[in-house]
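Take a look at the chain below. Keep the sequence beside you as you read.

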Amino acid sequence: MGLQFFAGPLLRRVSPKKVIIWAATIGYPSISGKLHIDGQSIAEGYSKSISIQDKIFIHLIEIEPGAANALYTTAARQAIQSLLGNSFPTNKVISYSVGIPDGDIYNYTEFNQIVIDQKLAYGNEDLYPSDTPAIKDLTNQLPKLPCFIIPSTNQQLNIAFGSCRKPHDKGADAFEHIDRNLKNSYTDVMKRPHVLYMGGDQIYADDVDDSVIHAIKSMSKKYGLEEILPSTNIPTDQLGDRSKFINKIGFTTGEGKNHLLSLGDYLAMYGLVWNAENWKGLEGIPDFSQGLISVRRVLANTPTYMIFDDHDVTDDWCITNERKQKILEHITGKRIIANALAAYFLFQGWGNDPQKFDYTKIKKAIENRKSSTTAYDSLFMHQDWEFEAPTVPVSYFLDTRTNRGGTGFPTLLKSIDSWQRTQIHVTNKNLPFVLITPGPMVTFRGIDRLQEDVSKWPDNPVVGLMGKYGADYESWSSNPINYKLFFSYFKQKNITKIVVLSGDVHYGFSAVFSIFDKKAMLDIPNGYKLKGLQITSSAFKNSASILGWFSQNGYRGNIYLLIFKDRSSYAFDEDNNKSFIHSKKPRLIINGSKIKQLIGNNTDSLYEDLSEDLYPELIMEVKINSAIPKTAEYIAEHNYGLMNINQNQIHYSFNNGGKYSFNL
């Protein structure tokens, strides 16, 4: 059997010191990877691999400078060393290939053919014209290979980002737009995306279309991935409607008829959403299947970093600690969560920052999961899933699911202990810090209020239909202590400029915000102000157009969140040209960051300075639907964002044509 990819190859963590390639193959317990510049092989590396039933193998190939094949001549190795030094070069096109064992060496020939047949690279259009099948004979013509560019530290950083891909949502996949972008720019360091950030819901484990679950069951049978869950006596692929089964365990999704359950279910889902080859012979979803060549090509040619949100595991996953514990205390629920997180590790988490994980321990737990169930079931909820991408400026990905804190609802998205454990490394504080959080830090107040009202009004008929958690009221603003902890952490790090990238909500937009502490408001020395730009891109393929009306209602002008020691209050400008605001009593005026108390009932009345003890601990000012600076308003269609950071100048756009700039 020749080389067959179950998924991949994917470019993962890339820096001048190391390049990581990920792949899942059918057969082949080990593979290799080789890097090339201008046709010259410059380095080679070999995989760490994890077996699934000895049929599917998940590989992570790490390649370092100087790792030239020992079979090269001395002169060739010296030439490579002269080219590389101790680092891979920046601002140059570097391509790669994948090899399979062939006696004492690794053979890369089959990969060249796959690149053509499955259209994995850019620049080979003459080898596969759109109206004819791919050519089969590469005797005297090598294809262009998948490639990437490492930008230099003084070069602008180009980030493509987005979230949420549900196969059966109607409409084209936004990955097709990224693919067209790369096709026109893949050799241009100034224009091409250098990295791709995926902010959650890379798969939907709970909302699964009938055609997808049929394909998953077919793949489970083909690769021997059937599983009988604890306390059950029937293989998961023989279950019919799964909603009652999971609801008894404590899952809260309203779309659980085809919920993923087994490790095989989750693995098959990744194979189906990342590789068109797995759909051959199966009935697919036309507007989804047609985009899979683009999806796979983008992932093969762009260093990619990913963090989960809830649907990668189940809807409302860890929405409160009480709900999390209820599921984990059930032996079957604990296994389903373990399956979801094992699959997440294999397909997403491992490649983000491999050194954070105990490869030997995890490999043993996954490969021996049927005989050592306790170790397998307990391992994955105790991993540190957060990570820092090796970019300039620094990019850090938050885990706002397994790190939740507090009791009750709404909960803290990230506990006090979790913030204390967070480690970021910033060498140049003049540059903005890039933070990736699955859910938006700020959003439209009209939508926020809708979610709050639906969740907290017990007699609301919608609550009866959706359940308490159905409105997804788990935003940053749902519990203002989230902002206090966030602000305290970045104040401690003395970071004053931040770019927040987020997803989750199934619409795109942008916002500008500033957070002041009391000293900054009163012009007291050592006051602290954090200035930020948030860009939300959601969804690659899922939409919430019904919420568009609420994005334009519920406030006028700027939004202010006043966070006191024991309470919080929203305030709103009458319009962007006045400083008078409405708020809960006392009625206030904000001039810049100064707060004054209104004595009368209108703007002509006298006002006086508030005493220091009446000031809030923090004020957060948000400009949304803003004309100055111009921000992106509600984007309902499938979208991805593209941002370039050049020092403190941020340029960003969405695939709907909107282009924006902001200076931090």
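Predicted model: local features only at pLDDT ≥ 70, side-chain atom pairs only at ≥ 80, totals over all residues.

Side chains of opposite charge can pair when their charged atoms come close. How many salt bridges does the structure hold? It holds 23.

Start with Glu-64 and Lys-18. They form a salt bridge, and their closest N and O atoms are 3.5 Å apart.

Now move to Asp-265 and Arg-242. Their side chains meet in a salt bridge, at 2.9 Å from N to O. Again, distant parts of the chain are linked, and the two residues are 23 apart. Asp-265 lies in helix α6, residues 263–274. Arg-242 lies in the loop between α4 (210–223) and α5 (243–249). Both Asp-265 and Arg-242 are buried.

The next pair is Lys-623 and Glu-621. Here the salt bridge spans 3.9 Å, N to O. The cut-off for buried is under 20% relative accessible area. Glu-621 has 17%, so it counts as buried. Lys-623 has 21%, so it counts as partly exposed.

Salt bridges can also join up. Which residues are linked in a network of salt bridges? They are Asp-309, Asp-310, Arg-401, Arg-404 and Glu-474.

Next, find Lys-484. It is placed in helix α16, which runs over residues 481–492. A polar atom of the Lys-484 side chain lies 3.1 Å from the backbone oxygen of Phe-564. Phe-564 is also among the residues in contact with Lys-484 once neighbours within four places in sequence are left aside.

Finish with the cysteines. A disulfide is a covalent bond between the sulfur atoms of two cysteines. How many disulfides does the structure hold? The count is zero. Cys-164 has a relative accessible area of 1%, so it is buried. Cys-147 has 4% relative accessibility, so it counts as buried as well.

Methods: Residues numbered from 1 in each chain as written. Heavy atoms only, no water. Disulfide = S-S within 2.5 Å. Buried < 20%, exposed > 50% of the residue type's maximum accessible area, 1.4 Å probe, protein only. Helix = DSSP H or I, 4+ residues; strand = E, 2+ residues; numbered from the N terminus. Polar contact = N/O pair within 3.5 Å; in protein donor to acceptor, adjacent residues only side chain to side chain. Contact = heavy atoms within 4.5 Å. Salt bridge = Lys/Arg side-chain N within 4 Å of Asp/Glu carboxyl O.
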